[in-house]
Amino acid sequence: MMIALASDHVGIELKKHIIEYLEEHNLEYRDFGTYGTERCNYPEFALKAADAVASGECEKGILCCGTGIGISIAANKVKGIRCVVCSDCYSALLSRQHNNTNMLSLGSRVVGKDLGLMIVEQWLNGEYEGGRHQVRIDQIAQIEQTGKIAD
């Protein structure tokens with residue numbers, strides 16, 4: 001599994017901890033930046049990572065900024081992306097099981113290192129259940145495609 005990573009200058013430290021986690025678990029990743037602590041604009045990096053997930057270059061993506069909110073909004077503008085902001089393990093797991101999320105966003109000022117890594121683990125290990133949930137995923141895709149849900 002190839003995982004796309006991206007952060008802004010505030011999320012870079014949490015992203016570094018996530019990289020360590022991925023390396024410890026022999027999971028491949030591609031880091032789309034930023035690479036330093038100089039102030040930057042998160043949409044640029046969210047777009048690169050989200051494009052990689054949407055194109056299939058990467059199976060999943062993990063994003064980090066101060067709250068996780070802004071970078072997730074940017075990623076969700078890319079067609080085919082279902083990015084969830086999580087600050088707890090339960091939501092992370094259910095976002096995979098019920099919503100088939102393909103990107104996770106974390107707020108470094110909200111969750112910190114230890115909780116952030118627990119959330120990553122739950123999200124990466126969660127598996128989409130399909131079934132009744134697929135109807136909703138299809139409806140989301142219809143909204144994305146046409147701006148409405150077919151009757």
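In strand 2, Tyr29 is the bridge partner of Ile3. Strand 1 (residues 2–7) and strand 2 pair in the parallel sense over 4 bridges, where pairing takes at least two DSSP bridges between two strands. Strands and helices here are DSSP runs, numbered from the N terminus: E of at least two residues for strands, H or I of at least four for helices.

A word on the source: this is a predicted model, so local features need pLDDT of at least 70 and side-chain atom pairs count only at pLDDT 80 or more, while totals for chains, interfaces and linings use all residues. Residues are numbered from 1 along each chain as its sequence is written, and side-chain values use heavy atoms, with hydrogens and water left out.

Zooming out, the sheet is open, has 5 strands in the order 2-1-3-5-4, and its pairing is parallel. Strand 2 (28–31) and strand 4 (83–85) are the edges, each pairing on one side only. From one strand to the next, the twist averages 20 degrees.

Helix 1 lies across strand 1, strand 2, strand 3 (60–65) and strand 5 (103–107), and it runs at about 165 degrees to strand 1. Axes are lines fitted to C-alpha atoms (for helices, over the stretch in contact), with angles from 0 to 180 degrees between N-to-C directions.

So what about Lys15? Lys15 sits in helix 1 (residues 12–24) and counts as buried because its relative accessibility is 2% (buried is under 20%, exposed over 50%, partly exposed in between, with a 1.4 Å probe and protein chains only). Leaving out residues up to four places away in sequence, Lys15 touches Leu5, Ala6, Ser7, Asp31, Gly33, Thr34 and Cys64; contact means heavy atoms within 4.5 Å.

Now the helix pair. The axes of helix 4 and helix 6 come within 8 Å and cross at roughly 85 degrees. That makes helix 4 roughly perpendicular to helix 6 (65 to 115 degrees; under 35 is roughly parallel, over 145 roughly antiparallel, the rest oblique). Here is who makes the contact:

| Helix | Residues | Contact residues |
|---|---|---|
| Helix 4 | 89–99 | Gln97, His98, Asn99 |
| Helix 6 | 132–146 | Arg132, His133, Ile137 |

Helix 6 has 15 residues, which should span 21 Å at 1.5 Å a residue, and its end C-alpha atoms are 22 Å apart, which agrees; the expected span is 1.5 Å times one less than the number of residues. After helix 6 comes Gly147, with a positive phi near 80 degrees.
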